[in-house]
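Biologist: I have this one open for the first time. Can we go through it piece by piece?
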Amino acid sequence: MDKVWEGKWITTPDFHGLPPINLFHKEKESNNIRVHKKELKNYHMLIRKTFFIKEEIDINDTYIDISADDYYKLKINGHNVGEGPAPSYFFHYYYNRYNIEKYLKKGKNIISVHVYYQGLVNRVWNSGDYRQGMIAEIYLNKKLFLKTDKSWKYKISNAYESEETIGYETQYLENINFNKVDKNWQNINYYDSTWNNVFEKISDDHKLYLQPTSVLDFYYKKPKKIKKITDGHYFIDFGQNIVGYFEMEIKGYKGEVVEIRHGEELNKDQNTRVRYKMRSNCKYQEYITLSGQKDKLKFYDYKVFRYVEVISHQKNSKSIKPDTFKVLIRHYKFNDDNTTFVSSDELLNKVWEICKNSVKYGVQDGFLDCPGREKGQYLGDTVITGLAHYYLTGDLKLYKKAIHDFALSSYISSGLMAVAPGGLMQEIADYSLQWPFILLKYYKLSGDIDFLKEMYPIAEKLLEYFIQFQREDGLLENVNKKWNLVDWPKSMRDNYDVSLKKYSNNGCHNVINAYFLGMIKNINKIRDILDLEYEDIYPKVKESFIDKFYDKNKKLFVDSENSEHSSLHSNIIPLFYEFIPEDSEESILKLIKNKGLNCGVYMSYYLLKGLSKINEYSLIYKLITNKSKNSWSNMIKEGATTCFEVWSKDQKQNTSLLHPWASAPIIIIIEDLLGIEISSINNKSNIVINTHIYDNIEKINFKMKNNFSDIKIKKNGKKIYKNIEYI
């Protein structure tokens, strides 16, 4: 912990004294989890505390430290202050700090907090373990002024009546009954004498650390289009896929029911009917019950959507006020002007834009898989989304936090979890093997040698974990404690000739060993940076890999030692990690030209990046802008404003239409086509520009701000950089 807390964790009698449920276990291992009480799920706790500030007290340099499990929304004197914390494990749990001078006043003040405990075990929060409650401290002039204790008051809200969940039990639907809403509970003069005093937790096992990342941005946007269907029935279009909360004000009959539908797209052949039964396994259909007074609709949990449909179930209703329709957008801090790219190729510009939007809206307190169905941070997604996010924002804090999140999952398994932090115990071998890659990438961009030293033991244990699956020749065999993913969905594996059933003995196959070899290579680089002595197993494993998987006649890699099939995946991973035989380059290039993007959108990063290793920049450009079904162009053709989970809506049964893992073109355009290489090593900031895109495009205008320099590349303008190094 980074401070000693005098404030107490406060909770309700329902949770007081309940021993925590241990949710942690390796995925394959069974865990006898105690049954969670149904009545303690979807639990909304309202907390109030009034306090006085005397006239003579100086309120400069005033801040609040606050955390809650699972989540809080904080107001002071009716002003929105913030919400959080970012999901985290109880043994390394985050709290937030806010400067609150502007919210306070001399005399009576009110702090109000809406704390939510979900009670589900999923990828979102570490919930379902009975760790519920809140802790806070207010400091005036750096001196503790107010802390959570048993004098704070609470009430449980029963206004959220639905028991239905959506996604992978990701969130509860919110059927809000406004007859049960305490409308003025956040007002300073609200009569709370009927509220109960909280319970102080006698002991609590949360270990609290200041959240190292920025709190989220929230801002309002009005609809792009509103259409009245009939009295009491409206269709709303916000113009693009977004993440946030639909809001409105409404005054109708007491007991009147209004249906709210959200969706990413419209029903086929119905241009004003929202497809609320979404492809992504989310059914965004909720019902609110009116109080007869003015009701303000504010959902607690966020959704991903573009369209909203509002339908009153009262005949000829006049209660709905379309001029109050708006959306509260949320995402991690993002400045649209930080990184901009415009060229004479309109398709390339559109590809850039949907990728940029995907990162902007899909990145919340972590690099989310899908902000609707999963809401979880996956290690594999972080490889791509994390780097794209840095190039678009210049902010490395979230990237560092993600690396640390997965390092903390070694508490559960030294082989690391696929999603972290989160209560779902999922392990994917392909993802774990790439953790040293993102660690090394972060070090190169930041020069943070202390963090590299701190994380190195995790890398060492990770290597030891996989070594247990090595056979005599050094290759991995039957890595059956995790998924061997190769690519997702299954149809995108280019007929990879290996049975990849979950937990099955998959034998000795190419992709898992290619990642393993790449991991060894990256760990060796880390060791060299840290000047550590080590036994180098890389040459032996590389020799065995080529011996077992390289077909000298075809000059291609095959999928397994028992297969003659050469998939795209079996060749692009060795190309990406640069351990292909010299005579294979032409054959692998021909394979890629023939197959194109015959892989998932996620694996396209490795394919395009692999091509850059052999200087095939024209082919990279052609693949990013190709117009086949497997292309970003096809997403745009199908109406995308953010990237899809797959190339086309019909390629996966539960496709999400906002999936940041498809944002590889952001990285490839910057690193390879524009040729910008950024590094910060030994306290020296380096930018090398070696532009390759100039042969394909007539005009380019690119700007990027980062921590140490503003980068500008122009063609047919004032400047164009080729082979220029900045130090």
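Biologist: What is the volume of the second largest cavity?
Modeller: This is a predicted model, and in it the second largest cavity holds about 40 Å³ of space.

Biologist: Which residues line the second largest cavity?
Modeller: Its lining is made up of N42, H44, Y116, Y172, E174, Y300 and D301. Sorted by class, that lining has three nonpolar, two polar and two charged residues.

Biologist: How many cavities of 30 Å³ or more does a search of the whole structure find?
Modeller: The search finds three. The largest cavity has a volume of about 230 Å³.

Biologist: And which residues lie nearest the centre of the largest cavity?
Modeller: P87, V124, Y302, D365 and K375 lie nearest the centre, out of 21 residues in the lining. By class, the lining of the largest cavity has ten nonpolar, four polar and seven charged residues.

Biologist: How do the residues of the lining of the largest pocket divide?
Modeller: There are 20 nonpolar, nine polar and 14 charged residues in the lining of the largest pocket.

Biologist: What about the second largest pocket, which residues lie nearest its centre?
Modeller: K441, K444, K609, K613 and E671 do, from a lining of 25 residues. The volume of the second largest pocket is about 660 Å³.

Biologist: Which elements supply at least two residues of its lining?
Modeller: The helices are α5 (435–446), α7 (510–529), α9 (568–577), α11 (604–613) and α14 (664–673), and the strand is β27 (676–681). The lining of the second largest pocket divides into ten nonpolar, five polar and ten charged residues.

Biologist: Change of topic. In what order do the three strands of the open sheet come?
Modeller: The order is β24-β29-β30, with antiparallel pairing.

Biologist: How many bridges pair β29 and β30?
Modeller: Strand β29 (residues 700–705) is paired with β30 over six bridges, in the antiparallel sense.

Biologist: Which strands does helix α1 lie across?
Modeller: Helix α1 (residues 346–362) lies across β24 and β29. The helix runs at about 160° to β24.

Biologist: Last topic, salt bridges. What does the count come to?
Modeller: The count is 48 salt bridges. One of them joins the side chains of R48 and D192, at 3.0 Å from N to O.

Biologist: Where do R48 and D192 lie?
Modeller: R48 is in strand β2 (residues 43–53), and D192 is in the loop between β12 (171–172) and β13 (196–197). The pair therefore ties together parts that are 144 residues apart in sequence.

Terms used. Residues numbered from 1 in each chain as written. Predicted model: local features only at pLDDT ≥ 70, side-chain atom pairs only at ≥ 80, totals over all residues. Heavy atoms only, no water. 1 Å grid on protein atoms, 1.4 Å probe; cavity = no way out; pocket = protein on both sides within 12 Å on 5 of 7 lines; lining within 4 Å. Points joined across faces, edges and corners; volume = space filled by probe spheres on them. Nonpolar A, V, L, I, M, F, W, Y, C, P; charged D, E, K, R; others polar. Pairing = 2+ DSSP bridges. Helix = DSSP H or I, 4+ residues; strand = E, 2+ residues; numbered from the N terminus. Contact = heavy atoms within 4.5 Å. Axes fitted to C-alpha atoms, helices over the stretch in contact; angles between N-to-C directions. Salt bridge = Lys/Arg side-chain N within 4 Å of Asp/Glu carboxyl O.
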